[in-house]
Amino acid sequence: AQASEIDARMAGVAIYPYGVPGLDSASPECGGDPVPRLVPGAAPGQITVVTGVSGSGKSTYLAHLVLGLARQRRRVLYGAWEMTSGMSLELLACLSLGFSRTAVLLGKLTKTQRDQLVVTMEAISRWVRFMDNPFRGRRKRKDASNEANLDLLGGYIADSGADVFVGDLFERAFVSTEPEAEKLALYHAQEM
């Protein structure tokens, strides 16, 4: 069994890229062949946690990941719990087209740019679906716990048929965000 895993890795099957240059492999300028930076990366059943201080660009970084996965035709369920689904889709399209987010927010677009933005959002939405936070306003239930919420979330993810779930502000699914409770919740999510 282990030999077949080694054979799969030799054939490149074990590498699950995010589709983001510089993230999926080390720079070839470093010499030799590019080496994957995040192994196993976006492998089925694995969790990647992105963390940083407020305003450090986590949501934009996640948008790049989602866009890279969509370009690989991987179905993504995006829990965009910080921005609205529409704004997140707009951000994905801006990144894809290289448009200034500020120009789009201020409506400083030509008709051609507006049409490109709409067509790109439609193309992205074939691979990316959005999920509202199902726990908003439900944290006071007597039976609420991190584990119960994650089990419910796991059901939603399975029902969606997604290849990948991305939770922007995933902690909003937690009842308790104490460090130990959060760590146990992530272990529970990994087991799922």
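## Lining of the largest pocket

By class, 24 nonpolar, nine polar and six charged residues form the lining of the largest pocket in this predicted model. The volume of the largest pocket is about 1200 Å³. Its lining comprises 39 residues, of which Ile47, Thr48, Phe165, Gly167 and Phe170 are the closest to the centre.

Several secondary-structure elements contribute to this lining: helix 2 (58-71), helix 6 (146-160), strand 3 and helix 7 (179-191) each supply at least two residues.

## Second largest pocket

Gly55, Gly57, Lys58, Ser59 and Glu82 are the closest to its centre among the 13 lining residues. Helix 2 makes the greatest contribution to the lining of this pocket, with three residues. The lining of the second largest pocket divides into four nonpolar, six polar and three charged residues.

## Burial of strand 1

Strand 1 (residues 76-80) is largely enclosed by the rest of the structure, because five of its five residues are buried. In a regular strand, side chains alternate between the two faces of the sheet. Both faces of strand 1 are covered, with Val76, Tyr78 and Ala80 buried on one side and Leu77 and Gly79 buried on the other.

## Pairing of strand 1

Strand 1 pairs in the parallel sense with strand 2 (residues 128-130) over three bridges. In this pairing, Tyr78 stands opposite Phe130 of strand 2.

Strand 1 also pairs in the parallel sense with strand 3 (residues 164-168), over five bridges. Here Gly79 stands opposite Gly167 of strand 3. Gly167 is also among the residues closest to the centre of the largest pocket.

Methods. Residues numbered from 1 in each chain as written. Predicted model: local features only at pLDDT ≥ 70, side-chain atom pairs only at ≥ 80, totals over all residues. Heavy atoms only, no water. Buried < 20%, exposed > 50% of the residue type's maximum accessible area, 1.4 Å probe, protein only. Helix = DSSP H or I, 4+ residues; strand = E, 2+ residues; numbered from the N terminus. Pairing = 2+ DSSP bridges. 1 Å grid on protein atoms, 1.4 Å probe; cavity = no way out; pocket = protein on both sides within 12 Å on 5 of 7 lines; lining within 4 Å. Points joined across faces, edges and corners; volume = space filled by probe spheres on them. Nonpolar A, V, L, I, M, F, W, Y, C, P; charged D, E, K, R; others polar.
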